[in-house]
Amino acid sequence: MTHDTAIHRLETLLGDRLVTSAADRKQHAQSESYHKAPLPDAVAYPENTQEVSDILRICHEEDCPVVAFGAASSLEGQHLTAQGGISLDMNRMNRVLEVNAEDLNVVVQPGLTRVALNEELRATGLFFPLDPGADASIGGMTATRASGTTAVRYGTMRDNVLALEAVMADGTVIRTGTRARKSSTGYDLTHLLVGSEGTLAIITEITLKLHGQPEAISTATCNFDSIDDAVNCVILTIQSGLPMARIELVDEMMARGFNLHSNAGLPEKPHLFVEFHGSPAAVAEQAELFQDIAEEFGAGGLVKAERAEDRSKLWALRHGALFATKALMPGKSTMSTDVCVPISRLAEAVSDAQSRAKEMGLPCTIVAHAGDGNYHCALGFDADNAEDVAQTKSFVAQLNHTALKLGGTVSGEHGIGLGKQAYMQAEHGSALTVMRTLKTALDPKGILNPGKLLPSN
């Protein structure tokens, strides 16, 4: 289907902010994932909510797909135009609209990135704690229900979004939620849209919870002889009520990748990367208690990082996991995927993934947000070798089925996008029918990010 009429009408609306050049369209078809999709027919650059509303009204009238585009850091292809149409680039809507320091919240536009937000907040003594690694846009993080390394203490986007402004498929603008910390009025539309991956509405404004910048921060690493020991340390730490800010697991292959990529000098064993936030006295006490627990499970090589530059270096290492994985697997494409299980089953799940990758001959690194049971596998494969591609897809399928068997979910934070639709029925059963009913009610023509999230009937 061509969308020439919609494009002509959008050109009249936006002028040179509706772009059809091959270079721009190709840029908006790029992805950090291994998923591929057609180029958009055009790229629109709105600058305010009214323009988003006008764009959607036109596209609704012309049956033209619309897919929101932010930092393009998603790993399941959420921002790709699976059926062509308009790539709605939100990066010009990137302002902090209102800081309510006394109420610990901030109102932002969706194109603002999390790093830019925290730079803006620095003088207030407040910060937005969610850290998915990539400098993702706040709109993208909201749409995919993102989380990251600090979720064990501060929660996910689900826990940190108070209110939204959103544009529905026909151009209607709605507001959901308020700046109040709670409400018992009506359906919870805010959290319906958080995680909906742009399939129900386009988010144009987000009200976020903020947190006080911790007075003191301490970071440390230690290594273990086995994944079981590391995970059992995590379980006892959480059960002991230690308020961990971060507790990250990396397997021995990932440690090798860090050494190769960054000359990290780590023993090639499973490691925990941990961080504590609070007053100086509280942080010191937490670190000491964690060390006692870790030593119960044979931890060695404890290294503390208390200076800001040392902490930054350590977390840069962790957040560079994908690049370190690529260094382990030169010349190969990389597939990164995630699942989440109850933390009591994490050691079993990670060990199973390691064994399966070894059996299949697939190079694989594993990192985990161990405090909430969410782990990521990155595999190297030859994208031009059909057998290699099939092996990789088979590994992912078995990874997802194992997560469900252990009482988990096929994605803790990457979302569904193009890559995980085949498992939605197995995870959600008859609830999938309810999701389809909601989609049809809110987007009857199916123009919002078609081909994503929900599998076809």
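Helices (H or I, at least four residues) and strands (E, at least two) are DSSP runs, numbered from the N terminus. The model is predicted, so local features need pLDDT of at least 70 and side-chain atom pairs count only at pLDDT 80 or more, while totals for chains, interfaces and linings use all residues. Residues are numbered from 1 along each chain as its sequence is written, and side-chain values use heavy atoms, with hydrogens and water left out.

Begin by selecting residues 4–14 and 49–61, helices α1 and α3, whose axes (lines fitted to C-alpha atoms over the stretch in contact, with angles from 0 to 180 degrees between N-to-C directions) come within 9 Å and cross at roughly 160 degrees. That angle makes α1 roughly antiparallel to α3, a term for angles over 145 degrees. Show side chains next: Ala6, Arg9, Leu10, Leu13 and Leu14 of α1 are in contact (heavy atoms within 4.5 Å) with residues of α3 including Asp54, Ile55 and Ile58.

Move on to α9, residues 227–239, where 13 residues reach 18 Å from the first C-alpha to the last. Just after α9, select Gly241, which has a positive phi of about 80 degrees.

Finally, select two residues other than glycine. Glu197, in the loop between α8 and β10, has a positive phi of about 55 degrees and is buried at 5% relative accessible area. Leu453, in the segment after α17, has a phi near 65 degrees and counts as buried at 12%.

Conventions
The expected span of a helix is 1.5 Å times one less than its number of residues. Angles under 35 degrees count as roughly parallel, over 145 as roughly antiparallel, 65 to 115 as roughly perpendicular and the rest as oblique. Buried means under 20% relative accessible area, exposed over 50%, partly exposed in between (1.4 Å probe, protein chains only).
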